[in-house]
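This report describes a single protein chain for a reader who is new to structural analysis. Please keep the sequence and the structure in view while reading.

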Amino acid sequence: MANAFQEAVYFYSPAPAGYQTQMKMVFARLGVRFHAITPAQTGETVGYLVGVDGFGPQPEGTEAPAVTDEVLILKNFTGRRIDAMLASLKKAGVPSIALKAVVTEHNLGWTFAALAEELRQEHEAFHKGQKE
């Protein structure tokens, strides 16, 4: 059985990411578990995707909304480990992933698509504010 407190990353890309192999190697070196989220899973809750007890799959036939951005979800990371992981990805030549989230008790019940949309809106608002 996997350690419930082991760091894990959940990566979504709407199209095959040519650098996913480099990502996996970085995460393996850091002892971080890697999970790919597929377009068919965008209607699932974050809690289900990251394996939190009490969250099950959506009913069959539930819509899987299109998500057009890459998203990285981090589970069981400290701030220092996030910084180290991001620096390692950059050093390995992995392009920056704009939409990132840490698993919290507040986003466990959100669908992946809803979380991705919230992150996209926050990212746009942040960058709009920087331009003004």
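Two strands are said to pair if DSSP finds at least two bridges between them. Helices (H or I, at least four residues) and strands (E, at least two) are DSSP runs, numbered from the N terminus. The model is predicted, and local features need pLDDT of at least 70, side-chain atom pairs count only at pLDDT 80 or more, while totals for chains, interfaces and linings use all residues. Residues are numbered from 1 along each chain as its sequence is written, and side-chain values use heavy atoms, with hydrogens and water left out.

**Overall form**

The chain contains four helices and four strands. Along the sequence these elements follow the pattern β-α-β-α-β-α-β-α. The radius of gyration (taken over C-alpha atoms) is 15 Å, close to the 14 Å that the globule rule (2.2 Å times the number of residues to the power 0.38) gives for 132 residues, so the chain is as compact as a globular protein of that length. Taken along the principal axes, the C-alpha atoms fill a box of roughly 45 × 40 × 30 Å.

A contact means heavy atoms within 4.5 Å. Among contacts between residues at least 6 apart in sequence, 75% join residues at least 24 apart.

Strand β1 is joined to two other strands. Five bridges connect β1 to β2, and these two strands run parallel. In this pairing, Phe-11 has Ala-36 of β2 as its bridge partner. The chain passes from β1 through helix α1 (residues 20-30) to β2, and this β-α-β crossover is right-handed; the term applies if, with the strands pointing away from the viewer, the path from the first strand over the helix to the second runs clockwise.

Five bridges also join β1 to strand β3 (residues 71-75), but here the strands run antiparallel. Tyr-12 stands opposite Val-71 in β3, and the bridge partner of Val-9 in β3 is Leu-74.

Strand β3 is in turn joined by four bridges to strand β4 (residues 99-102), and this pair runs parallel. Ile-73 has Ala-101 as its bridge partner in β4. The chain crosses from β3 to β4 through helix α3 (residues 79-91), and this β-α-β crossover is right-handed.

**Covered strands**

In a regular strand the side chains alternate between the two faces of the sheet. How many residues of β1 are buried? Five of its five residues are buried. Ala-8, Tyr-10 and Tyr-12 lie on one side of β1, and Val-9 and Phe-11 lie on the other. Strand β3 likewise has five of its five residues buried. Val-71, Ile-73 and Lys-75 point one way from β3, whereas Leu-72 and Leu-74 point the other way.

| Residue | Relative accessible area |
|---|---|
| Phe-11 | 1% |
| Phe-34 | 19% |
| Gly-47 | 0% |
| Val-9 | 0% |

Val-9 is placed in strand β1. Not counting residues up to four places away in sequence, Val-9 touches a set of residues that includes Phe-27, Phe-34, Leu-72 and Phe-77. Gly-47 lies in helix α2 (residues 46-49). Leaving aside neighbours within four places in sequence, Gly-47 is in contact with Val-52, Phe-55 and Leu-108. Gly-47 and Phe-112 are 65 residues apart in sequence and 9.2 Å apart in space, C-alpha to C-alpha.

**Aromatic pairs**

A pair of aromatic rings is described by the distance of the centres and the angle of the planes. Rings of Phe, Tyr and Trp (its six-membered ring) pair if their centres lie within 6.5 Å; planes under 30 degrees apart count as stacked, over 60 as edge-to-face and the rest as tilted. The structure holds three such pairs. The rings of Phe-11 and Phe-34 have centres 6.5 Å apart and planes at 40°, so this pair is tilted. It links distant parts of the chain, with Phe-11 in strand β1 (residues 8-12) and Phe-34 in strand β2 (residues 33-37), 23 residues apart. Phe-27 and Phe-34 form a stacked pair, with 5.9 Å from centre to centre and 20° between the planes. Both Phe-27 and Phe-34 are buried.

Terms used. Buried < 20%, exposed > 50% of the residue type's maximum accessible area, 1.4 Å probe, protein only.
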